[in-house]
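Me: Could you take a close look at the aromatic rings in this model for me, and at what surrounds them? I'd like one connected account that I can follow with the structure open.

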Amino acid sequence: MDGLSKGLGKVEIAVRWDPSPAGQPSTDLDLVAATYLADDPHGDPAYVVHFDSRSPDGTITLNRDSKDGQGFGYDEVMTLEFDRLDVRYARVVVGVVIQQRPAERTFVSVSNPGLRIREGYTVLTEDDFGGVLGATAATVAEFTREGSGPWDFRSGLRGFEGDPVDFTSTMGAAQRP
């Protein structure tokens, strides 16, 4: 039946968290997406989309950006339009970074974090970051395709314990078994 699959079209990735308690520094989580070329799917990203940028072709957009978790429902929302993404791209990796100013934080110190990835009304995955509590950032999804074929989704959190500035250069590196 896989031969009949149209693959993914428009996918929404959303992150939520509660504001920091009164008197504590704000917590700021940011969604980040990195695209990789077909001829180097685990090399350097072709481009990265985050709070200060967008994809050159408008296929990856950050629709909502929160600096403190004060919002209704999901605080950060990113849309990826795979049905429009150029054939030269074969891989997209999405992550969540915790800003480290004004205080250093890991996911254990984020109040009530949550992740939802969906296509239309179909929820592809949900998570609470419980598997990466000591991390300062985490990859949350990987999307791949062969040639001009359909896009596939692979869920799973993979934590990163280091300077979040370095995260975008390493988030798409090949995973060791």
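Reply: Start with Tyr36: in this predicted model, Arg91 lies over the face of the Tyr36 ring, at 5.1 Å from the ring centre.

Now for rings that meet other rings. A pair of aromatic rings is described by the distance of the centres and the angle of the planes. With centres counted as paired within 6.5 Å, the model has six aromatic pairs. Take Phe82 and Phe143: their ring centres are 4.6 Å apart and their planes stand at 40°, so this pair is tilted. Phe82 sits in the loop between strand S5 (76-81) and strand S6 (89-98), while Phe143 belongs to strand S9 (residues 137-144), so the pair ties together parts that are 61 residues apart in sequence. Phe82 and Phe143 are both buried. A second tilted pair is made by Phe160 and Phe167, with 5.4 Å from centre to centre and 55° between the planes. Here, too, both partners, Phe160 and Phe167, are buried.

If you follow the ring pairs onward from Phe82 and Phe143, you will find Trp151 and Phe153 linked with them into a cluster.

It is worth looking at Glu81 as well, which has its place in strand S5. Is Glu81 buried or exposed? Its relative accessible area is 17%; buried means under 20%, so Glu81 counts as buried. The side chain of Glu81 is joined to that of Arg84 by a polar contact of 3.1 Å. Setting aside neighbours within four places in sequence, Glu81 is in contact with Gly9, Lys10, Gly58 and Thr59.

Along the way you can pick out Ala138, which stands opposite Gly159 in S10.

Key:
Residues numbered from 1 in each chain as written. Predicted model: local features only at pLDDT ≥ 70, side-chain atom pairs only at ≥ 80, totals over all residues. Heavy atoms only, no water. Phe/Tyr/Trp six-rings, centres within 6.5 Å; stacked < 30°, edge-to-face > 60°. Helix = DSSP H or I, 4+ residues; strand = E, 2+ residues; numbered from the N terminus. Buried < 20%, exposed > 50% of the residue type's maximum accessible area, 1.4 Å probe, protein only. Lys NZ or Arg CZ within 6 Å of the ring centre and 35° of its normal. Polar contact = N/O pair within 3.5 Å; in protein donor to acceptor, adjacent residues only side chain to side chain. Contact = heavy atoms within 4.5 Å. Pairing = 2+ DSSP bridges.
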